[in-house]
Amino acid sequence: MSVKNLEYIFNPRRIAVIGACEDKSSIGYHIFKNLLGQGFKGSVYPVNPRVEAVQGVEAYPKITNIQREIDLAIVAVTPQEIPERLEECGLKGVKGVIILCFDFKKRVENSHALETKIGQISQKHGFRVLGPDSLGFIKPGINLNASLFPQIPQKGNIALIVQSTTLSIALLDWAAGKNIGFSYFISLGTKIDIKFADLIDFLGVDPETRAIVLYLESIKNGRKFMTSVRSFSSSKPIMIIKSGKYDVSAHVALSHSGYMTGEDKVYDAAIERAGAIRVDETLDLFYLAESLSKQRRPKGNRLAIITNSGGAAIIAIDTLLKQEGNLATLSKETIETLQAHFTLMKLIQNPVDLFIEASPQDYEVAVKSCLKDKAVDGVLVIHTPSYASRPRDIAETVVSAAKAYSYKPVFTAWMGEEQVTAAREYLNDNGIPTFISTEQAIRSFMYMYRYDYNLRLLLETPEAILKDFEPDEYRAEEIIRKVSEDKRLFLNFNEVKDLLLHYGIPVIPTKVVQTDDEAVEIADFIGYPVVLKIDSQKILSKSETGGVFLNLKDQNAVREAFKQLKELAVFLKDPTAQVIIQPMVIKQGYELAIGARKDPTFGSVIVFGTGGKLLEVVDDYSIGLPPLNQALARRMMSETKIYKHLIQYKAFENILKYLEEVLVRFSHLIIHFPHIKEIDINPFYITEDEGFILDAGVLLEADVLEGFVPIKGDFCPPHLSICPYPDQYIDIFKLKDGPGVIIRPIRPEDEPLMEELLRGSSEQTLMLRFFRKISDMSHEQLVRYCNIDYDREMAFVAVILNVDREQIIGEARISKLPDQENAEMAVVVGDQWQGQGIGKALLLHCLKIAKEIGIKKMWMEILKANTRMLYRAEKLGFQKASFDEDSLRVSLDL
């Protein structure tokens, strides 16, 4: 349903309170009082058959007795009455309902059945439901308090969404005491209908909301959450506190455990991939929102500190390093500038430790010098009042210096209370984030840096490293189908080896041996030393159960190892166990781990890190969400200690590039087969010039025992939270007098090709497409144009092969509107290719795909000067819907 009818809930004109009464101990009394007495200009109607009036307002027996249309109904009745009252709301044509029923799961004997009933009634009548277990919501901008919180907080530009009811009260009370303003406060409660993703979509287009803060406990639909956050994170900061960070608290929150990746680390990876920022402490949420609204994001984590208190600076440095920030190394020019001014200071370095009585001019010189330094990404100014200091005057010079170099952020910590109050107010009023402690300032700087780091991931153009990659998906599928037919969940190593080889992932040469003589024969052929292993479904770790014999240097050693492995198979009572032989790797290298797991919220996730026996002890791995491209694979690798170690050595430069390719290939395997529950590659062994798998295992989902079901044709496979490249939508057509043209979905790697198309198009062509004159598109704009969320948008490019490279000659896109049922379409074709049927082919392709993905109506806005496009739209069946002086809006029912 997305944002359908949410406007009626969160910006209503007429509200009915079902269960309003005069009992001051009841929910109905307090919610009606808050709506009536705090300045809301809309109409509020009490509904209660047992009373004639509530707080002086005539009451209605049923909501259907009200003559006027009702936008929002607030239901404050017993759980047993809820279904009947909701049916009445449906008959009345109410667009939205808030259910105020606290401790819903505790009070209702069969809460799941009642939740199901509420959902069914909601779908039957088409109204939206907030709650139950919701505190309600507040919109300070129109003095609307549709909640049980007794007062309306200040108006601001932060939207706060909280899942927990009781925590909602505490957060609002705390925010009111800190004079923090909100555009919206929304208590989500039990998410029967309206969920975080719906609210992000709604608030993402709300002009009064500049930042979104989420306090969540759990997400049910990871894909829906991801696509909503990704849609708006680059335009509005989205800050998240997720409870259940550690195992014990996570158990309380969701009762999920047993995943190697760990639920909390998967949330970290998902939030990073979506371009949002996760915050550890509640207070930091609002400090960060304030800082982002006042200052530019730092482009790096190098901080300069200016202080007149050495002790405060040490605390700041400790916090910075703990948060994985860097103390900036001042340039030679900066040090010389400071030395020329501070002639009495013996040593100048970062932190710039001023004298206790430092003057406003001293601070101004220090701040400007540091901001000017290219090796500095941000500045923290610390001031402790003394007998001779002037906190307010110093604040003025800091503001002046910051405005002179506004492209870098400045943070301040004015230590103390009464002596610095006026200075803090001046700094805040002039757009400088001000903190009571240095720790808070440092955390805000680092959170802003991480937010920018996450956004840059969305704006990074990947290299096209797998141009001709075509995995043998059919043969890979046959392997899993055979295992399913055998009623097995574990693949043997030979099957794992073949599965991975079909995706171009190298595996060390491996042979199954039936006798000790065969083992010796193969060992003699491949050369000593060799390795013998057991391959059994009864054990996951071969080495821990004595199932691996390394460095076997002669025939006797091979025979003895074979004998012991056979005895182990008998001990394990596994008649299917096999003995495998591999060459022993003696070249110096490193053991890595690559794997995948299913997360209950976000589906399949990929793991990369240090491998070998010490995998769990070292705890050095990162998590990524498929699909991966080259940029995402590199970012994932770069978050591990092993990568940071290897990148220092030029000899490993090529193999690390190759690892990016391996991870992208592995990602394709995970995308194609939701049947894989777990896959472990440990170790993946790398040397300076090669990499290959030494051991691996695959566990399938239990439902394969009932039969193998392929996922052919699914737009977005259900085991993924991010839609992969939709290669099923590739088509081919031939120009009348020219080459064959491929129509395919756009991909992030197309940025340079799209830039070439737009740069080579005339001003008129671009004007007809974008309705304005455009100069060269920036990298950021082009990345957003090419790196799309296929769940929300679909763009197709017409491509020809020009010598040995692709050339884009046209592009069309479908952009879904918030209701997910309507969409807008636009097309552009390069000047030299116009008039050859490319635009028509792109439009027809878009309309065909739009029908397949559930679009019910297509819209286009066309300039009146674009006569060719108006003619084409008429031929395709579009009807005029509206017009203005310059353009026509046309639509087509699909």
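I looked up Pro529 and found it in the loop between helix H20 (516-526) and strand E22 (530-535); helices (H or I, at least four residues) and strands (E, at least two) are DSSP runs, numbered from the N terminus. The peptide bond from Tyr528 to Pro529 is cis, omega near 0 degrees. I note that this is a predicted model, where local features need pLDDT of at least 70, side-chain atom pairs count only at pLDDT 80 or more, and totals for chains, interfaces and linings use all residues. Residues are numbered from 1 along each chain as its sequence is written, and side-chain values use heavy atoms, with hydrogens and water left out.

I placed Pro132 in the loop between strand E7 (128-130) and strand E8 (136-139). Gly131 and Pro132 are among the residues that Thr190 touches, along with Lys105, Glu115 and Asp133, not counting residues up to four places away in sequence (contact means heavy atoms within 4.5 Å). Thr190 itself is in the loop between strand E11 (182-187) and helix H7 (196-204). I list Thr190 as buried because its relative accessibility is 11% (buried means under 20% relative accessible area, exposed over 50%, partly exposed in between; 1.4 Å probe, protein chains only).

I then turned to phi. Most residues other than glycine have a negative phi. Gln55 has a positive phi near 50 degrees, and I found Gln55 partly exposed at 24%. For Lys573 phi is about 55 degrees; Lys573 is exposed, at 67% relative accessibility, in the loop between helix H21 (555-571) and strand E24 (578-583).
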